[in-house]
Amino acid sequence: METLNKVIINQISTKVEKISGAEAVIKCLLAEGVNLAYGYPGGAIMPIYDALYNYQNQLHHVLTRHEQGAIHAAQGFARVTGKVGMVFATSGPGATNLVTGIADAQIDSTPLVCITGQVSSHLLGSDAFQETDIIGISTPVTKWNYQITRAEEIPEIIAKAFYIAKSGRPGPVLVDITKDAQFGELEFEYKKCEKIRSYRAVPKLEIEKVKAAAEMINSAKKPFIVWGQGIIIGQAEAEFKSFIEKTDIPAASTVLGLSALETSHPLHVGMVGMHGNYAPNVLTNQCDVLIAIGMRFDDRVTGNLQTYAKQAKIIHFEIDPSEVDKNVKTDIAVLGNVKETLAEIMPFINRGSHKNWLNEFHKLLQIEKDEVINNQLNPTKPGLTMGEVLNLINNETKGNAVIVSDVGQHQMFACRYANFIKTRSSVTSGGLGTMGFALPAAIGAKMGVPNREVIAIIGDGGFQMTIQELGTILQTEVAVKIVVLNNSFLGMVRQWQELFFDKRYASTVMKNPNFVKIAEGYGIEAQSVSQRADLTTAIKTMLASKKAYFLEVMIAQEDNVFPMIPTGASVSDIRLS
Amino acid sequence: MEEKQKFTVSVYTENNVGLLNRLSAIFLKRHINIESMTVSPSEIDHVHRFTFVVIVSETLIRKVVGQLDKQIEVVKAYYHKEDEIIYQETAMFKLSTEFLYDEKIQNKLKLRRAHMVAITKSFFVIEMTGLKEDVDRLYDRLKPYGLMQFVRSGRIAITRTPMAISELLKTS
């Protein structure tokens, strides 16, 4: 691909004939190696779509059914491939419909380049038809944004956009291009952006900090690692594994860090956070050194900060200096890309052994198994549980599938129980908690890794927020597997109402349509299961299908997610029931 | 609860449209009121300087400055305590010409390093540069005369220690 890009760039740079701004946009994307984009056309972006028509063989465009679907699909694609997700939308409502996805990508550090059309520059500020100030609107939720009003600006700005989106801590970039800039002409020359003088993508590695961290790790008696998505984004899975294996330190994942280390690894002690595992949450408040790697101490991870790991020294491996000391005061901050910092620290750390300490985790895991996990995965009571569905999926996929989850109870079950053997196998909306994320994100994920099984796990609420994307499946024939765990409730909110609001189920009861008929209406094979006896066969049938498949599982309404750290409580006060 | 104090935040940036929006959004996100703000070119060509004054805790300002600093077009953001900077602001007072030869006013101007910058048939304008407290004092003294207009600038500040912006631009 690298050489292909060079060829394209060479071809381009020898040409001096003028082309339209719209065509320049497409040539920039090709030079950046983009061959798949999601979007929705409209008035102000028509010149770009017209130019796209000539390049269909090189740049495949997926027409979604809503701009939010387009951006979530691009996010799913970016998360499983590590490449920049590409989105097109028109001005006004097209652009504003992207905002939720942009905010989601910002908080979950997903690289995206969104190109929006804009009214002609002479109309800017005049409240023209489909004019909206998308730069103003998107500023707080983009890593960078820019409005192009002249065709000549296009190559430089798009090159910057890609560099910013993917470098350092990645994030979404929005480039708004006025219609006259798309129609305007320029002498096209493309140079990839490699630096921006006011922007340092990766902070300088300080070897003294690395050594100090190593010393603290070497002398720790009860060290504990919490890792996040930084391992995956930094492609540091191998370095991370070597690090934990050499130090023999128990390690737990955040929601977004899942799949960076295979679930079955003996040092993998589960997930931290509000609905994470019992042992890592409780022992957070007993460890003597807490090593945070590529994570940002989100409040869903820490619970009450006043009682979070107060007994421990904190080491923070982090690429974004503004995350250091933001939520948890650190003793040593090791700035840099974790791929480099973890490699750098290896010579300074001693081979460790923490068998007794690891055993503490196993003891608490046994308690969690007895009180929660076994009842969830192998229930004997009537009424299907979300946990058993995940368990059966694990049995069939052997951890090979990409699991794309939406937001709510089913998400927590998916994160808790799905087994992973490969990195970039868990895609979910972590920071923003965007219901409606999973269906379009799964479409994008499947397109990103077409040879892998991609299973969307969605609740009946979230499914209906972007249900229109079934149309995208119909049109593209993307073979995504959809599992809707239907309890006819907005389950997570219902759970909170049950526990904290005297069971006053305000606006959480869902009267749902016949989902199977809807899926079939979109040409997707579908079935609904409500009996335990039918579940295994149904999952096997779904996975055997070479095409898209829709499986609805009717879940018991009182199925709650535990353990749980109630809001404001300490991680060590995690409840098992 | 950590005590709030006055901080002056200096942000060196590229000179691009929309950057003010991006910076002010970071204060907005944390519900911080901006007491004053000034934007101007800096000592470096094509580099602008924003000067914000806010009253917050030091823990908070450190986080905010970190988030300002990480914006792509921000070269560097700093925060300073009152004793770390030399700062001034400018104010203008418009008064009716009937007080032009009032001795008390004349004396006040001398005492406070204030200047007359315009005189017309109907009004005259006094300019004064100094600390906020000095401006406040002159304001209190002139108020009884019936101010026709009063305006004051945001704070501008120079740090006592050097700020090596040019070096940053070279190395990055």
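1. Lys503(A) has 9 C-beta neighbours inside 10 Å and therefore counts as exposed; the cut-offs are 12 or fewer other C-beta atoms within 10 Å of a residue's own for exposed, 20 or more for buried, and partly exposed in between, with C-beta atoms placed from the backbone. Although Lys503(A) is not a glycine, its phi is positive, at about 55°. Lys503(A) sits in the loop between helix H22 (491-500) and helix H23 (515-521) of chain A, where helices (H or I, at least four residues) and strands (E, at least two) are DSSP runs numbered from the N terminus.

2. The model is a predicted one, in which local features need pLDDT of at least 70 and side-chain atom pairs count only at pLDDT 80 or more, while totals for chains, interfaces and linings use all residues. Residues are numbered from 1 along each chain as its sequence is written, and chains are lettered from A and ligands numbered from 1 in the order in which they are written.

3. Arg424(A) also has a positive phi of about 55° without being a glycine, and it is found in the loop between helix H18 (409-417) and S16 of chain A. Is Arg424(A) buried or exposed? Arg424(A) counts as buried, because it has 21 C-beta neighbours inside 10 Å.

4. A further backbone feature is the cis peptide bond from Phe562(A) to Pro563(A), with omega near 0°; Pro563(A) belongs to the segment after S20 of chain A.

5. Strand S6 (residues 144-148) of chain A is mostly covered, with five of its five residues buried. Trp144(A), Tyr146(A) and Ile148(A) point one way from S6(A), whereas Asn145(A) and Gln147(A) point the other way. In a regular strand the side chains alternate between the two faces of the sheet.

6. S6(A) pairs in the parallel sense with strand S7 (residues 172-178) of chain A over five bridges, where pairing requires that DSSP finds at least two bridges between two strands. The chain passes from S6(A) through helix H8 (residues 154-166) of chain A to S7(A) in a right-handed β-α-β crossover, that is, with the strands pointing away from the viewer, the path from the first strand over the helix to the second runs clockwise. Within this pair, Ile148(A) stands opposite Ile177(A) in S7(A).

7. Chain A also contains an open sheet of six strands with parallel pairing, in the order S16-S15-S17-S18-S20-S19. Its edge strands are S16 (426-428) and S19 (525-529), each of which pairs on one side only. S19(A) runs parallel to strand S20 (residues 549-554) of chain A and is joined to it by five bridges, with Gln527(A) opposite Leu551(A) in S20(A).

8. Chain A is assigned domain 1 (2-187), domain 2 (207-361) and domain 3 (384-554), with bounds that come from an automatic or database domain assignment. The C-alpha centres of domains 1 and 2 of chain A are 37 Å apart, and six residues of domain 1 are in contact with six residues of domain 2, contact meaning that the C-beta atoms, placed from the backbone, lie within 7 Å. In chain B, domain 1 (4-80) and domain 2 (86-152) are assigned, and their C-alpha centres lie 30 Å apart.

9. How many residues of chain A are in contact with chain B? There are 16 in chain A, in contact with 17 residues of chain B.

Terms used. Two residues are in contact if their C-beta atoms, placed from the backbone, lie within 7 Å.
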